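Dear colleague,

Please find below the structure that I am handing over to you. My notes on the ligand site follow it.

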Amino acid sequence: MPIFDLIVIGTGSAGATVAQTARKAGKSVAIIDKLPFGGTCSQRGCDPKKVLVGAAEIVARSEQMTGNGIASAATINWPDLMAFKKTFTEPIPENTEAKFRDLGIQFYHGVATFLSPKTVRVGQDELTADHIVVATGQRPKPLNIPGEELLIDSTGFLELSQLPEEIVMVGGGYIAFEFAHIAARAGAKVTILHQGKRPLEGFDADLVSLLVKAMEALGIRILLEANVTAVEGQKDRLTVRYEQAGESQSILTNLVIHAAGRVADVAELALEKAGVKVGPKGVAVNEFLQSVSNPAIYACGDVADKGLPLTPLASYEGKIAINNILTGNRQAYTDNPTPSAVYTIPTLASVGLTEEQARKQGRKVKVTFQETNDWYTSRRINESFSAFKTLVDEETDEIVGAHLLGSGCDEVINLFTLAMKHHITAEDLRNTLLAYPTHGSDLSSMLPD
Ligand SMILES: Cc1cc2nc3c(=O)[nH]c(=O)nc-3n(C[C@H](O)[C@H](O)[C@H](O)COP(=O)(O)OP(=O)(O)OC[C@H]3O[C@@H](n4cnc5c(N)ncnc54)[C@H](O)[C@@H]3O)c2cc1C
Ligand SMILES: NC(=O)c1ccc[n+]([C@@H]2O[C@H](COP(=O)([O-])OP(=O)(O)OC[C@H]3O[C@@H](n4cnc5c(N)ncnc54)[C@H](O)[C@@H]3O)[C@@H](O)[C@H]2O)c1
């Protein structure tokens with residue numbers, strides 16, 4: 001039985017960070033993945049998604065400017081766009097494998113399953129190690145409805161060779177909103193069926209309602225408190241059945257996409273054989289990202305029950321987990337300001353507390369909210385929906401939350417994050433010179449005097 005210092009399960013942002021750092025520190029390392037190496041972000045998530053968003057932005061920008069110097073709007077050629085996307089995703093597995101080989105990391109393809117607290121099986125191999133890191137990410141949550149097998153998930157959407165005319169998204173979070181914009185800009189008729197009262201629940205309600213208006217102006221239908229009960233039909237002739245306000249309704253469509261959330265991917269791990277406890281949000285870990293029930297096991301990234309399931313956190317947690325394995329639990333997980341963006345057009349971005357959260361916590365904050373479609377940065381590109389909301393602590397003058405809607409706000413949110421992380425006050429920010437005219441130069445006008 002091969003014996004290692006460390007086994008890592010998962011080759012995504014979290015797992016790869018752990019394996020590479022451990023190997024560079026001289027440890028013998030094995031890494032396992034059931035899918036082509038490289039994880040979600042680079043092959044089935046952030047990166048390919050944003051290639052498609054890039055094309056959708058060109059369509060949106062050219063539509064906005066038609067009649068203002070642009071003769072006609074651009075259109076998307078879906079097969080060409082997918083071919084371009086593949087130039088990013090296809091090299092990933094080979095490049096990842098080559099990196100592991102160069103570093104001397106032993107790699108295994110297949111499903112990892114625990115046999116005991118320190119032993120894992122992959123295919124015919126049984127591997128054992130002093131420490132095992134679970135970095136297996138998330139998978140779409142089961143919907144438990146008849147016809148569930150007729151839906152495709154985000155991975156399926158990012159692989160579509162042709163875009164159908166009509167699409168229904170089940171769910172009202174990141175994936176539903178981002179994919180709805182891509183598909184609509186590529187010419188599809190999109191309906192979002194969301195079970196809750198408001199979509200994108202974690203984001204500022206005022207900005208989300210403006211974003212919803214922007215989507216409706218684009219022709220995207222958003223149905224709220226709509227509970228999908230079944231999907232029927234075959235191939236590209238599907239009926240989605242749902243209940244809304246006590247009434248049974250249905251929609252005929254060509255494609256139904258699962259965008260109703262993701263859960264920790266622990267199904268095949270047999271974690272009970274390793275004595276590893278799992279909570280509703282994933283593997284239960286302490287502040288050192290160590291399993292609360294088996295000290296030989298650590299978990300990081302989307303599969304761990306700490307932090308949000310976002311790429312920057314997966315790598316951050318990977319670094320913490322491996323530092324703790326190498327040095328004996330010295331680095332506690334701390335909540336950093338974590339920016340997040342929804343790549344719709346206009347983009348929605350957020351960091352820190354929402355107004356609702358600040359009020360619940362009893363924080364005394366100055367709240368500044370304004371629609372900015374008449375600001376130069378929006379008018380220059382003829383953007384109709386843009387706004388911001390900032391929250392500044394009344395006593396310390398530090399920013400506790402920033403919420404932005406509009407072009408460029410996925411970059412501007414990083415300036416707010418820097419200010420929050422390094423305790424730069426609103427006054428200091430207002431007095432910082434920033435290149436003009438840029439989206440960033442709007443920052444000082446978003447802060448109270
Ligand atoms: C469509 C989509 C778009 C996204 N867009 C963004 C974005 O714009 N920005 C952002 O910050 N985040 C985004 N995310 C989230 C981001 O992709 C994840 O937070 C990040 O990839 C998590 O990394 P990870 O290493 O924890 O897991 P992953 O990258 O998911 O890696 C886990 C790996 O473990 C493997 N695995 C699972 N179980 C087993 C097993 N039993 N045996 C062997 N291998 C196993 C899987 O095959 C997978 O390769 C997006 C996610 C999706 C789905
Ligand atoms: N830009 C980004 O950073 C980005 C983009 C995509 C995904 N992600 C990550 O991936 C995760 C998964 O994305 P997601 O959009 O699937 O999940 P999500 O949690 O963002 O949204 C799922 C939504 O679907 C709703 N829902 C749940 N069950 C439903 C049902 N049966 N019918 C209708 N609606 C239902 C939920 O209330 C929720 O609003 C996210 O939490 C995020 O962390 C990030």
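Predicted model: local features only at pLDDT ≥ 70, side-chain atom pairs only at ≥ 80, totals over all residues.

Helices here are DSSP runs (H or I, at least four residues), strands are runs of E (at least two), and both are numbered from the N terminus. At least two shell residues each come from α1 (13-24), α2 (39-44), α3 (46-65), α7 (174-185) and α9 (311-327).

The ligand is surrounded by 35 residues, the closest being Asp 33, Thr 40, Lys 49, Ala 112 and Asp 302; a residue counts as near if one of its heavy atoms lies within 4 Å. Domain 1 (3-45 + 84-140 + 263-327) and domain 2 (148-260) both contribute to this shell, so ligand 1 lies between them; the bounds come from an automatic or database domain assignment.

Polar contacts (pairs of N or O atoms within 3.5 Å) include the following. The side chain of Asp 33 places an N or O atom 2.6 Å from an oxygen atom of ligand 1. A backbone N or O atom of Thr 311 is 3.0 Å from a ligand oxygen atom. The protein buries 93% of the 990 Å² that ligand 1 exposes when taken alone (Shrake-Rupley method, 1.4 Å probe).

Residues are numbered from 1 along each chain as its sequence is written, with chains lettered from A and ligands numbered from 1 in the order written. Local features need pLDDT of at least 70, side-chain atom pairs count only at pLDDT 80 or more, totals for chains, interfaces and linings use all residues, and side-chain values use heavy atoms, leaving out hydrogens and water.

Note on methods
Polar contact = N/O pair within 3.5 Å; in protein donor to acceptor, adjacent residues only side chain to side chain.
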